[in-house]
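This briefing concerns the packing of helices and aromatic rings in one structure. Please consult the sequence and the model shown below while reading.

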Amino acid sequence: MQKLEDLDLSLELDKKLYKKKLKVLQYEMLNAQQFLFNNKIGLILVFEGMDAAGKGGAIKRLTERIDPRGYVVHPISAPQPHELRYNYMHRFWRKLPQHGQMAIFDRSWYGRVLVERLEGFATKDEWERAYDEINNFEHLLTDGNYIIIKFWIHIDKEEQLNRFNARAQDPYKAWKLTDEDWRNREKFDDYVTVADEMFEKTDSENAPWVLVAGNNKQYARIQILKETLAHIEKQAQRRSLEIPSLFEREERKAIAELEQAVKEVAADLVEEVEEIKEVAAGLVEEVEEIKEAKRITSVRKTKSKKRRK
């Protein structure tokens, strides 16, 4: 499993190219969403990373063009008092999507081995045990027709500080910056250490971790869309299913519409033929009546002539 220090945070993407790629990938994401819905496969996306890494922006671009009825975003914060009465996984079970729907977690059950571990909200026994609990939880879901993808968006200390300062000066974004963010920044290196341990113990074939270089927001957003689509495609193949391409979908739609039109025309023709048959039968009956009338008239004329003689 890759470590955070191995990420190339200098990776960038030109803004013009970003816009072009974004449009195409968002269309493909809509196509993938329809595939998941039609095949009743649930999709769970987990977003973790440093504060101000760009999780919200990535989620926004991921969901921007898809059907809003088919997904829900769960922003996860500290558990409420009533939630502490249950096992810590209880509140996440309640947020799972239906099969065919999507659930996106902005922070997740991994808080147990990240912030709860570092801040002392979980005992050593609790957070050590959580690795197996989480793996079992995710295996249970993926065995039950869910797809899980977990993203860690990473930025360096300098980029984080720049974004913090930018938020502090922007009245529309100042609400995003809290005292807790500044406290967490003091433990930046500690978070890197526990995150690497988390990747090592919870990365799996069924629920992989994808580490994304996030210093350049445009690059990170495109990578997340690409990785999401690639993993959905991989899981579709594992199920012996095929995601129809955008062009195939349009072609199938056109063929279906044409077939429906042909059926409607054929039905109209059958109805018209039946009407013609009824008219023809009526005409035949009238002809027979005319013939019978002529025959009767002819017989009467013959009898009349004989009487005169």
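The axes of helix 5 and helix 8 (residues 188–202) come within 10 Å of each other and cross at roughly 45°. The model is predicted: local features need pLDDT of at least 70, side-chain atom pairs count only at pLDDT 80 or more, and totals for chains, interfaces and linings use all residues. Residues are numbered from 1 along each chain as its sequence is written, and side-chain values use heavy atoms, without hydrogens and water.

- W127, Y131, N135 and E138 of helix 5 meet E197, M198, K201 and T202 of helix 8 (contact: heavy atoms within 4.5 Å).

**Aromatic rings**
- There are eleven aromatic pairs (ring centres within 6.5 Å; planes under 30 degrees apart are stacked, over 60 edge-to-face, the rest tilted).
- W109 and F137 form an edge-to-face pair, with 5.0 Å between centres and 80° between planes.
- This pair joins distant parts of the chain, 28 residues apart: W109 is in the loop between strand 3 (102–106) and helix 4 (115–118), and F137 is in helix 5 (residues 124–143).
- W109 is buried at 1% relative accessible area, and F137 is buried at 4% (buried: under 20% relative accessible area, with a 1.4 Å probe and protein chains only).
- One aromatic cluster includes W109 and F137, together with F92, W93, F105, Y110, W152, F199 and W209.

**Charges over rings**
- K40 lies over the face of F37, 4.5 Å from the ring centre (NZ of Lys or CZ of Arg within 6 Å of the centre and within 35 degrees of the ring normal).
- R112 lies over the face of Y88, 4.0 Å from the ring centre.

Note on methods:
Rings of Phe, Tyr and Trp (its six-membered ring) pair if their centres lie within 6.5 Å; planes under 30 degrees apart count as stacked, over 60 as edge-to-face and the rest as tilted. Helices (H or I, at least four residues) and strands (E, at least two) are DSSP runs, numbered from the N terminus. Buried means under 20% relative accessible area, exposed over 50%, partly exposed in between (1.4 Å probe, protein chains only). Axes are lines fitted to C-alpha atoms, for helices over the stretch in contact, and angles run from 0 to 180 degrees between N-to-C directions.
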